[in-house]
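Work through the exercises below with the sequence and the model at hand. Each task is followed by a solution in steps.

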Amino acid sequence: MAVKQENIAKTFIYAGLLFGIVPITLSLLGFIGATEVNRGPISVPTRRSLDGLIAALLPKAALYAFTLMAFAGLCSTLDSSLWCYQFSGSVDIYGRYINRQPSDGGTVRAARFA
């Protein structure tokens with residue numbers, strides 16, 4: 001709804017390319033970590049976690065960037081879950097069982113309650 005009709009395809013392509021940066025970057029860091037573990041002495045706890053490998057092999061800025069990417073991914077998942085709960089509460093429950101012809105304000109209140 002926020003994109004003009006003629007720009008939908010272009011927007012999805014750009015969004016897909018931008019989204020691809022995160023999994024590609026994280027997988028590259030995993031490959032780097034896997035090859036470095038086999039090359040030299042890295043402590044056992046570092047071998048078990050990607051963030052430990054990043055902290056051991058890359059500068060602190062990379063660890064901060066990794067933490068920010070992981071946090072952004074978790075926030076995105078939480079946002080989707082919260083949207084699903086509010087939609088189910090306002091449309092499926094309130095609109096179907098409580099008030100069959102809700103006003104916009106009633107639907108918004110039901111969504112906030114949910």
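A disulfide is a pair of cysteine sulfur atoms within 2.5 Å. The model is predicted: local features need pLDDT of at least 70, side-chain atom pairs count only at pLDDT 80 or more, and totals for chains, interfaces and linings use all residues. Residues are numbered from 1 along each chain as its sequence is written, and side-chain values use heavy atoms, with hydrogens and water left out.

**Exercise 1.** Find how many disulfides the whole structure holds, and classify Cys75 and Cys84 by accessibility.

Solution. Step one: the search of the whole structure returns 0 disulfides. Step two: take the classes, where buried means under 20% relative accessible area, exposed over 50%, and partly exposed in between (1.4 Å probe, protein chains only). Step three: Cys75 has a relative accessible area of 34% and is therefore partly exposed. Cys84, at 40%, is also partly exposed.

**Exercise 2.** Describe the secondary structure of the chain and state what share of its residues is buried.

Solution. Step one: helices (H or I, at least four residues) and strands (E, at least two) are DSSP runs, numbered from the N terminus. Step two: the chain has 5 helices and 0 strands, in the order α-α-α-α-α along the sequence. Step three: of the 114 residues, 15% are buried.

**Exercise 3.** Locate the aromatic pair found in the whole structure and describe its geometry.

Solution. Step one: rings of Phe, Tyr and Trp (its six-membered ring) pair if their centres lie within 6.5 Å; planes under 30 degrees apart count as stacked, over 60 as edge-to-face and the rest as tilted. Step two: the search gives 1 aromatic pair. Trp83 and Phe87 form it, with 5.2 Å centre to centre and 15 degrees between the planes, so the pair is stacked. Step three: both residues lie in helix 4 (residues 60–98), 4 residues apart, about one turn of the helix. Step four: Trp83 is exposed at 52%, whereas Phe87 is partly exposed at 35%.

**Exercise 4.** Which helix holds Phe12, and is Phe12 buried or exposed?

Solution. Step one: Phe12 is in helix 1 (residues 8–39). Step two: its relative accessibility is 64%, so Phe12 counts as exposed.

**Exercise 5.** What share of the contacts in the chain with a separation of 6 or more comes from residues 24 or more positions apart?

Solution. Step one: contact means heavy atoms within 4.5 Å. Step two: residues 24 or more positions apart account for 31% of these contacts.
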